[in-house]
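Here's a quick tour of one model, starting with its charged pairs and then moving on to strands and nonpolar packing. Have a look at the structure first.

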Amino acid sequence: MIKASNQGAVLVLDVAGPLNQEEADRLRGQIDSLPRVGRPQVVIDLAEVPLIDSAGCEALLDAREAVTADGGGVHLAGVSPLCHDILEATGVLRYFSVFDGEKQAVAQFAR
């Protein structure tokens, strides 16, 4: 399940459950629905994600590519140790700034 909310100009996507094919499609849908005005700022909160599979890794990279193509940015927050290891082993992690929590990730956009 993905819950979307806004904190100021930042879209926060809270992902709950494994980031697998089904959730990857939902994540892409959320990113595709972003207005194409201005520089989108997105935080993907993975605090409730126990596992990320290859479809999830690909969806994170697709989200980053779509948002950065519009001049925006994507941060990850709340990445568990296992998910961190998965993202690091697959090389996905090098494309993201990762923060302990959602608030820190959102605040980084204000700088």
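A salt bridge here is a side-chain nitrogen of Lys or Arg within 4 Å of a carboxyl oxygen of Asp or Glu. Before using it, note that this is a predicted model, where local features need pLDDT of at least 70, side-chain atom pairs count only at pLDDT 80 or more, and totals for chains, interfaces and linings use all residues. Residues are numbered from 1 along each chain as its sequence is written, and side-chain values use heavy atoms, with hydrogens and water left out.

**Charged network**

The whole structure has five salt bridges. Asp25, Arg28, Glu58 and Asp62 are linked in a network of them. Here are the Arg28 pairs:

| Pair | N to O distance |
|---|---|
| Arg28 and Asp25 | 3.5 Å |
| Arg28 and Glu58 | 4.0 Å |
| Arg28 and Asp62 | 2.9 Å |

Asp62 sits in helix H2 and Arg28 in helix H1, so their pair ties together parts that are 34 residues apart in sequence. (Helices, H or I with at least four residues, and strands, E with at least two, are DSSP runs numbered from the N terminus.) Glu58 is also in H2, 30 residues from Arg28.

For the cut-offs, buried means under 20% relative accessible area, exposed over 50%, and partly exposed in between (1.4 Å probe, protein chains only).

**Strands**

Five of the seven residues of strand E2 (residues 10-16) are buried, so E2 is largely enclosed by the rest of the structure. E2 pairs with strand E1 (residues 2-7) in the antiparallel sense over six bridges; pairing requires at least two DSSP bridges between two strands. The two form a hairpin with two residues between them, and Gly8 in the turn has a positive phi of about 65 degrees. E2 also runs parallel to strand E3 (residues 41-48), joined by six bridges. Leu11 has Asn6 as a bridge partner and Val42 in E3 as another.

**Nonpolar cores**

A nonpolar core is a set of buried Ala, Val, Leu, Ile, Met, Phe, Trp, Tyr and Cys residues joined through side-chain atoms within 4.5 Å. The largest has 29 residues, and Val42 and Ile44 are among those touching the most other members. Helix H2 gives the most to this core, six residues. A second, separate core of eight residues includes Val10 and Phe99.
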